[in-house]
Amino acid sequence: MLNLTEKELESLLRFGLGTKRTGSLLSVKGAQLLHAGFLKRYLGEIKGGLNAPNEKVAASLMMRRCGMMTALHFYLFTACGKRLPADPSLMSWEIDDGGQGWAPSFYFEQEAEVVQENRRQEFEKLTEDVFKHHVDKLITACFQACSISKKILWENIAVYLFWMYETLQTEITDPALKKQAEQDFCYILYEAEPDLFGADVCENPLAKFYQGQDAEQTRSTCCLYYVTDKSGVTCSTCPRKKQKERVS
Ligand code: SF4
């Protein structure tokens, strides 16, 4: 139904692809979340399921999940030559009420299209559709809803995208595809015009977080996940290991 092979489907499940609507009251259209007022109420409703003490922490965790969705779009394009609709009105965040906490999957209302020609132009369009028309708007809504730093949220996106392209390099065996994946990643980091990332974006919001292929990755912001964990254990890339941050 999504015009994906079994192998593609399986690969995309790790990025949270959903294959059905769940019917949960917490399932929500991507476009609804772009309205700050709605988003604030929604964050208030899901924070309990996330074990988050406030909307700010819930927003950061939501954008970590959005990072997976971003990785899903670019994985499908780079590794499979297909694209799913990036328009937030054509997808929904589906919640499984029987699952653990708030862990959405992404349901798309239209099937994947095969990219046939003008690959470069299509990749540029994907970059604009995913970032400018969806991710940036959601980040702005989060900022308006609970004053969370946009830098934290962009880094939440960057982490998953970088991980996906680095993992691809270890998974792909075909040299031509390997090269293509490298070029796609370079395009996002160094070649894409800043205005593809958002209406008021003056510089690439992801590139500043990339520390190089073999570098030990350390986040420059803390995503606040640790406050949802009773033991408060920090991840290995957390900047809090170097500098304590206050969570409000
Ligand atoms: S420790 Fe790492 S995972 Fe935990 S909140 Fe900080 S950055 Fe996020």
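Colleague: What joins strand S1 to S3, and which way do the two run?

Modeller: Two bridges, and S1 (residues 28-29) runs antiparallel to S3. Pairing takes at least two DSSP bridges, so S1 and S3 qualify. Lys29 sits opposite Ser92 in S3. This is a predicted model, where local features need pLDDT of at least 70, side-chain atom pairs count only at pLDDT 80 or more, and totals for chains, interfaces and linings use all residues. Residues are numbered from 1 along each chain as its sequence is written.

Colleague: How do you know that S3 pairs with S4?

Modeller: S3 and S4 (residues 105-108) share four antiparallel bridges, and Met91 stands opposite Phe108 in S4.

Colleague: Which residues of S3 point which way, and are they buried or exposed?

Modeller: Met91 and Trp93 point one way from S3 (residues 91-94), Ser92 and Glu94 the other, and all are buried (20 or more other C-beta atoms within 10 Å of a residue's own, C-beta atoms being placed from the backbone). S4 is covered on both faces too: Ser105 and Tyr107 are buried on one side, Phe106 and Phe108 on the other. In a regular strand, side chains alternate between the two faces of the sheet.

Colleague: What makes up the largest nonpolar core, and which residues touch the most other members?

Modeller: That core has 67 residues, with Ala71, Leu72, Cys142, Ile157 and Leu161 touching the most other members (a core being buried Ala, Val, Leu, Ile, Met, Phe, Trp, Tyr and Cys joined through C-beta atoms within 7 Å). Among the elements that each supply at least two residues are helix H3 (55-80), helix H4 (119-146), S3 and S4. H3 gives the most, 15 residues. Leaving out residues up to four places away in sequence, Ala71 touches Phe15, Tyr160, Leu161 and Met164.

Colleague: Which residues are around the ligand, and what classes do they fall into?

Modeller: Arg219, Cys222, Cys223, Leu224, Tyr225, Tyr226, Thr234, Cys235, Cys238 and Arg240 (C-beta atom, placed from the backbone, within 6 Å). By class, that's seven nonpolar, one polar and two charged.

Colleague: Which residues does UniProt list for the IucA/IucC-like C-terminal domain?

Modeller: The unreviewed UniProt entry lists residues 104-183 for "Aerobactin siderophore biosynthesis IucA/IucC-like C-terminal". In the model that span is 74% helix and 8% strand, with its end C-alpha atoms 31 Å apart.

Conventions
A residue is buried if 20 or more other C-beta atoms lie within 10 Å of its own, exposed if 12 or fewer, and partly exposed in between; C-beta atoms are placed from the backbone. Two residues are in contact if their C-beta atoms, placed from the backbone, lie within 7 Å. Ala, Val, Leu, Ile, Met, Phe, Trp, Tyr, Cys and Pro count as nonpolar, Asp, Glu, Lys and Arg as charged, and the others, Gly among them, as polar. UniProt positions are given in the numbering used here, feature names are shortened, and annotations may be inferred rather than shown by experiment.
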